[in-house]
Amino acid sequence: MAYQLHDHQRFIEFRLLGVVLGVDLPGEEWYRRIVDRGRLLLDASGVERVEPDVLWLAGFARSVQLHGPFRTAVVAPSPLVFGTFRQALAYRGDLPHPAPVEFFQAREPAVEWLLRTGGSAAG
């Protein structure tokens, strides 16, 4: 899975590119940064297709969010990617510290939502 990680100081951006394969994940240092910032922009604008099943994606989302709460804005202009990621969220299960996740078809409203919310994952 090709991706880029960007630390924008007020949020972390995880930009997915090409085909999502479900391998080669960023690791603990970046997960800590996401929780420390309290905000994640998951930009799937560059995704061509998603190969792992929804339950794998849900497990991955859950494993990252177990590190601590953080708000997530998902950008997915493709209806297929948008729907797949929403399904993964639905199957993620209960978390000890749930935090808001919003889905957007464009990047600008997603960033505005992240920055408008303050730094807390809870509010």
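Reader: Which elements each supply at least two residues of the lining of the largest cavity?

Author: In this predicted model, one cavity of 30 Å³ or more is counted. The lining of the largest cavity comprises 26 residues. The elements that each supply at least two of the lining residues are β2 (12-20), α1 (28-37), β3 (39-50), α2 (54-65), β4 (71-75), α3 (79-91) and β5 (101-104).

Reader: Which element gives the most to the lining of the largest cavity?

Author: Both helices and strands are among the contributors, including α1, β3 and α3. With six residues, the element that gives the most is α2.

Reader: Which residues of the lining lie nearest the centre of the largest cavity?

Author: The space in this cavity is about 410 Å³. By class, its lining has 23 nonpolar, two polar and one charged residues. Those nearest the centre are Leu 40, Leu 42, Phe 60, Ala 61 and Phe 85.

Reader: Which element of the protein chain has the lowest mean pLDDT?

Author: The protein chain has a mean pLDDT of 84, and 90% of its residues reach 70 or more. Where pLDDT is low, the predicted coordinates should not be read in detail. Among the elements, the highest mean, 96, belongs to helix α4 (residues 107-116), while the lowest, 79, belongs to α2.

Reader: What is the average twist from one strand to the next in the open sheet of five strands?

Author: The open sheet has mixed pairing and the strand order β1-β2-β3-β4-β5. Its edge strands, each pairing on one side only, are β1 (2-7) and β5. From one strand to the next, the twist averages 15 degrees.

Reader: Which residue in β2 stands opposite His 6?

Author: Strands of a sheet pair through backbone hydrogen bonds, either parallel or antiparallel. Here β1 and β2 run antiparallel and are joined by six bridges. Opposite His 6 stands Glu 13.

Reader: What angle does the direction of α1 make with that of β1?

Author: The helix α1 packs on the sheet, where it touches β1, β2 and β3. Between the direction of α1 and that of β1, the angle is about 45 degrees.

Reader: Which residue in the hairpin of β1 and β2 takes a positive phi?

Author: Asp 7 has Ile 12 of β2 as its bridge partner. The hairpin has four residues between the strands. The residue with a positive phi, near 70 degrees, is Gln 9.

Definitions and conventions. Residues are numbered from 1 along each chain as its sequence is written. This is a predicted model: local features need pLDDT of at least 70, side-chain atom pairs count only at pLDDT 80 or more; totals for chains, interfaces and linings use all residues. Side-chain values use heavy atoms; hydrogens and water are left out. On a 1 Å grid over the protein atoms alone, a cavity is a set of points where a 1.4 Å probe fits but cannot get out, and a pocket is an open set with protein on both sides within 12 Å along at least five of seven lines; lining residues have an atom within 4 Å of a point. Grid points are joined across faces, edges and corners, and a volume is the space filled by probe spheres set on the points. Ala, Val, Leu, Ile, Met, Phe, Trp, Tyr, Cys and Pro count as nonpolar, Asp, Glu, Lys and Arg as charged, and the others, Gly among them, as polar. pLDDT is the predictor's confidence in each residue, from 0 to 100. Two strands pair if DSSP finds at least two bridges between them. Axes are lines fitted to C-alpha atoms, for helices over the stretch in contact, and angles run from 0 to 180 degrees between N-to-C directions. Contact means heavy atoms within 4.5 Å.
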